[in-house]
Amino acid sequence: MQIILASPRGFCAGVHMAIDTVQELVDLIGTPLYVYHAIVHNKHVVERFERQGVTFVESIDEVPLGETVVFSAHGVSPAVREQSADRDLRMIDATCPLVTKVHVEARRYAKMGHQILLVGHENHQEIKGTYGEAPEVMHIVESPADVARLDFPATQPLTYLTQTTLSIDDANTIIGAIKERFPWCNAPPKEDICYATTNRQHAVRQLAPSADLTLVIGSHNSSNSVRLKELSETDGTPAHLLDDKSELKDTWFNGVERVLVTAGASAPDDLVRGVIDELVARFDGKIDESELVKEDMTFALPVQLRILKHEMDL
Ligand code: SF4
């Protein structure tokens with residue numbers, strides 16, 4: 001079996017930063033330590049931190065007064081920051097800077113009097129955070145049908161913004177519908193779908209047609225991982241999304257000679273390696289790595305953590 005290993009795959013700069021933030025805090029101040037929402041959308045990452053005593057919460061009320069809380073890579077709304085301040089929590093913000101960029105755009109356009117069409121998945125944590133920046137002017141759109149339901153006079157300034165981990169094709173379809181219905185609608189100054197989402201989707205688009213099957217390592221709540229699976233299927237190559245090698249099924253591989261392996265931006269490399277090693281052992285797989293783009297993006301640790309480290313060094 002030929003194993004086509006997509007590159008880039010797996011961890012992005014935002015995920016690296018968020019995971020390093022929690023690990024550094026565990027090493028520096030220990031537990032109790034609270035994280036608001038899954039630090040990144042990966043089951044194994046969360047379980048590994050839970051084994052170290054980290055507590056993940058979905059409501060700030062669950063964090064005892066005065067404790068430390070980390071905000072996940074997906075970002076939070078101003079209301080969550082206010083609730084945390086009311087509980088006198090030490091806040092460490094591990095929001096990916098590329099998500100923060102969308103929050104800044106939302107605040108800026110709301111201040112300029114725009115109504116904002118927020119393209120994304122209503123229940124996704126990132127959209128909840130961005131929406132919360134200016135709920136009074138936000139309209140979440142998940143499909144062209146949602147666009148058709150909106151109505152604005154041509155005198156109303158409009159801007160669209162998008163979630164960072166959308167399918168590029170789906171986003172383009174919805175943006176096309178927005179431009180058709182509201183031709184005066186302003187676009188964000190720079191693409192909101194992030195470099196990591198774009199690079200992983202481009203790699204699958206390029207490599208999946210030459211494979212009989214695509215395996216995407218990632219969790220089912222990971223938006224960008226789910227999009228990679230859908231993209232392969234849309235382009236005609238069956239695909240499976242799996243958390244780790246224990247989920248591999250022999251029946252998937254009947255008649256499969258070439259398998260494409262990729263991973264969502266929150267999937268740890270040791271899990272990807274585990275799947276590859278299993279394919280090599282089970283099917284005498286030969287690895288063929290295709291590096292289509294080199295990624296060298298890195299993000300600094302949150303400023304609150306850098307200050308804390310400095311204080312503890314003194
Ligand atoms: S997928 Fe993109 S936006 Fe999300 S954490 Fe990674 S770099 Fe940041």
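I began with Ile3 and looked up its bridge partner in strand E12, which turned out to be Ile287. I note for myself that this is a predicted model.

Next I followed the strands on either side of that bridge, and found that strand E1, residues 2–7, pairs with E12 in the parallel sense over six bridges. Helix H8, residues 195–207, packs on this sheet and touches E1, strand E9 (213–217), strand E11 (258–263) and E12, with its direction at about 150° to that of E1. I also looked up helix H10, residues 269–283, which lies across E1, E9, E11 and E12 and runs at about 165° to E11.

I then wrote down the whole sheet, an open one of five strands in the order E10-E9-E11-E1-E12, with parallel pairing. Its edge strands are E10 (239–242) and E12 (286–291), each of which pairs on one side only, and the twist from one strand to the next averages 25°.

I turned to the other sheet I had marked, which is open as well and has three parallel strands in the order E7-E6-E8. Strand E7 (138–141) and strand E8 (158–162) each have a single partner strand, so one side of each is left without a neighbour in the sheet. Neighbouring strands here are turned by 25° against each other on average, direction ignored.

Within this sheet I checked E6, residues 115–119, which pairs with E8 in the parallel sense over five bridges, and I saw that Val119 stands opposite Thr162 in E8. Helix H7, residues 168–181, packs on the sheet and touches E6, E7 and E8, its direction making about 155° with that of E6. Last, I recorded helix H4, residues 97–111, lying across E6 and E8 at about 170° to E8.

Key:
Residues are numbered from 1 along each chain as its sequence is written. This is a predicted model: local features need pLDDT of at least 70, side-chain atom pairs count only at pLDDT 80 or more; totals for chains, interfaces and linings use all residues. Two strands pair if DSSP finds at least two bridges between them. Helices (H or I, at least four residues) and strands (E, at least two) are DSSP runs, numbered from the N terminus. Axes are lines fitted to C-alpha atoms, for helices over the stretch in contact, and angles run from 0 to 180 degrees between N-to-C directions. Two residues are in contact if their C-beta atoms, placed from the backbone, lie within 7 Å.
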